[in-house]
Amino acid sequence: MLDKLIKKWYNIYVFDIIVIEGILVIKMKKIINSLSKNIDYISQEENEGIITITAVSNQKRARCPYCGEYSGSVNTRYYREIQDLPYEGKTVIIKIRHKIYDCQNDKCNQTRFGEPYDFVESKGNKTNRLNEYILKETQGLSVRKAEKKLRDEGIKISRNTINIKRNEA
């Protein structure tokens with residue numbers, strides 16, 4: 001009798017976890033799709049209040065920001081981590097497989113360039129929408145209060161970063 005109850009409970013519990021994780025996967029895919037049509041969702045994991053979404057660019061070539069010529073010659077790849085808006089109070093990190101291209105234009109002064117994304121500044125580590133949120137939500141707050149508010153919401157940020165964002169605006 002007890003074995004049947006444990007088995008029944010286990011089946012319900014495991015099913016609930018699968019359903020919850022399935023819904024979370026769908027939501028994380030929507031987050032990636034809302035950022036850009038040029039990146040694809042690969043997987044996700046959650047660890048200690050941080051959701052890490054792994055994604056990859058679906059672009060085969062990129063335009064050199066210095067000369068404007070397209071290149072499909074990838075020199076190297078590495079994972080770049082970009083923070084996005086929090087999800088249910090949890091920090092969201094997008095870990096994207098970033099490509100460094102060789103510029104094919106012999107007259108260009110730049111030999112290599114990083115793949116550009118439309119949702120983050122070229123060397124930024126926060127999405128544009130997160131930067132906008134930071135500015136909007138901390139308007140009128142002291143830097144200390146702004147930092148506390150944002151950290152309580154799941155955004156990893158320092159007072160120095162808040163000051164820089166405010167000065168750039």
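Reply: Strand 5 (74-87), strand 6 (90-102) and strand 7 (112-114) each contribute at least two residues to the lining of the largest pocket. Strands are DSSP runs of E, at least two residues long, numbered from the N terminus. This is a predicted model, in which local features need pLDDT of at least 70 and side-chain atom pairs count only at pLDDT 80 or more, while totals for chains, interfaces and linings use all residues. Residues are numbered from 1 along each chain as its sequence is written, and side-chain values use heavy atoms, without hydrogens and water.

A pocket is found on a 1 Å grid over the protein atoms alone: it is an open set of points where a 1.4 Å probe fits, with protein on both sides within 12 Å along at least five of seven lines, and lining residues have an atom within 4 Å of a point. The largest pocket holds about 340 Å³ of space, a volume being the space filled by probe spheres set on the points, which are joined across faces, edges and corners. Its lining comprises 18 residues, and Tyr66, Phe113, Gly114, Ser122 and Lys123 are the closest to its centre. Strand 7 gives the largest share of this lining, three residues. By class, eight lining residues are nonpolar, four polar and six charged. Here Ala, Val, Leu, Ile, Met, Phe, Trp, Tyr, Cys and Pro count as nonpolar, Asp, Glu, Lys and Arg as charged, and the others, including Gly, as polar.

The second largest pocket contains about 200 Å³ of space. Among its 13 lining residues, Asn38, Gln59, Arg61, Ala62 and Pro116 lie nearest its centre.

Methods
Helix = DSSP H or I, 4+ residues; strand = E, 2+ residues; numbered from the N terminus.
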